[in-house]
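Please keep the structure open while reading.

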Amino acid sequence: MNVTKVGVIGCGYWGPKLARNFHDFPGAELSSVSDLHPDRLAHMRELYPSVSTFSDHRKILDSEVDAVVVATPVSTHHRLAMEVLRAGKHLLVEKPLAATVEEATEIAETARQLGLVAMVGHTFQHNPAVKMVAQLIESGELGDIYYVDAARVNLGLLQPDINVVWDLAPHDISILLDILNSDPVRVSARGGAYIRREPIEVAYLTLSFPGEVLASLRLSWLDPVKMRRITVVGSKKMLVYDDLLDEKVVVYDKGVDVPPYSDTPEEFRMSYRHGPARPVPLVWEEPLHLECQSFVNSIQTGEPPSSDAWVGVKVVRVLEAADKSLQNGG
């Protein structure tokens, strides 16, 4: 059995979660980790005594690892990703891929030229519930899609180096790209900062997709109730995907029907359909496990990962446009 040796740069929030998955995955071996904070390295040594720990990430690049995970602040992604690729290692970068479209494109293009796998940690693209939503839309069960409404809010965590759009929106943007199978053509954004003067802590984004499909995103670090919910409204049916519930995807046989003809205004009546709600059964697996599995599979088989670097470029393009819209008052 082929085993892919993996190193992880960054042991803050996501790094240990990724390390756990690669440690537990039969096709991979967690070989080494690095972090600038000694206490984080000590914690990783307690969890994985056989794993090498370094304060200098370059020691991972000089080792015999096949692939490297970058789970560090966004501002460092481009520099570290380029170092990884130039060292001849396959690359998995936490979302978002980079801080600018130019940086993200350079990462994707360099990986292509060197024949290396470059993947972004858009975990929701590996989420079974999101995959089910995409299947339901593609099957035509919902009819023509009118609009999508998404809410990703909670009290915290306020980030010091990026605004709420760069922190939370990559999840929903990657989901929209997946379930709508198209790229947005316009984005408008408004937001505000209330606890600190900057960065933006609350934002509302509107994305326009081909076919006059609208998508609205509500993002906040200052909400009293945690919410991770997406509503998709179609001409035939509607659905709600709530990541916090056990029944994550529910299809509603609800809608508005227009009579084919009417002779008088009195005869014209909208017909409102209030059919039953149907929870959709899912075979659940941890999305992060599936993400790591996809990364290793891509390295070992040559198949492109579902969230490759070019998907990351698309997401960063939307984020960059949203920033410009925020600066221009929408």
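H4 and H5 are roughly parallel to each other (an angle under 35 degrees; over 145 counts as roughly antiparallel, 65 to 115 as roughly perpendicular and the rest as oblique). This is a predicted model: local features need pLDDT of at least 70, side-chain atom pairs count only at pLDDT 80 or more, and totals for chains, interfaces and linings use all residues. Residues are numbered from 1 along each chain as its sequence is written, and side-chain values use heavy atoms, without hydrogens and water.

**Helices H4 and H5**
- Helix H4 (residues 74-86) packs on helix H5 (residues 101-114) at an angle of about 5°, with the axes 10 Å apart.
- Axes are lines fitted to C-alpha atoms, for helices over the stretch in contact, and angles run from 0 to 180 degrees between N-to-C directions.
- Helices (H or I, at least four residues) and strands (E, at least two) are DSSP runs, numbered from the N terminus.
- H4 contributes His-77, His-78, Ala-81, Met-82, Leu-85 and Arg-86 to the contact (heavy atoms within 4.5 Å).
- H5 contributes Glu-103, Glu-106, Ile-107, Thr-110, Ala-111 and Leu-114.

**Helices H7 and H9**
- Helix H7 (residues 164-180) and helix H9 (residues 309-327) pack at about 130°, with their axes 9 Å apart.
- That angle makes H7 oblique to H9.
- Residues of H7 in the contact include Val-165, Trp-166 and Ile-173.
- On the H9 side, Lys-314, Val-318 and Leu-326 are among them.

**Nonpolar cores**
- A nonpolar core is a set of buried (under 20% relative accessible area, 1.4 Å probe, protein chains only) Ala, Val, Leu, Ile, Met, Phe, Trp, Tyr and Cys residues joined through side-chain atoms within 4.5 Å.
- The largest nonpolar core has 74 residues, of which Val-165, Ile-179, Leu-205 and Val-232 touch the most other members.
- H7 gives the most to this core, with 11 residues.
- Another core lies apart from it, with 25 residues, including Val-8, Tyr-48, Val-51 and Leu-92.

**Glu-286**
- Glu-286 sits in the loop between strand E14 (271-279) and helix H8 (287-301).
- Leaving aside neighbours within four places in sequence, Glu-286 is in contact with Arg-20 and Asn-21.
- The C-alpha atoms of Glu-286 and His-126 are separated by 8.7 Å, with the two residues 160 apart along the chain.

Terms used:
Buried means under 20% relative accessible area, exposed over 50%, partly exposed in between (1.4 Å probe, protein chains only).
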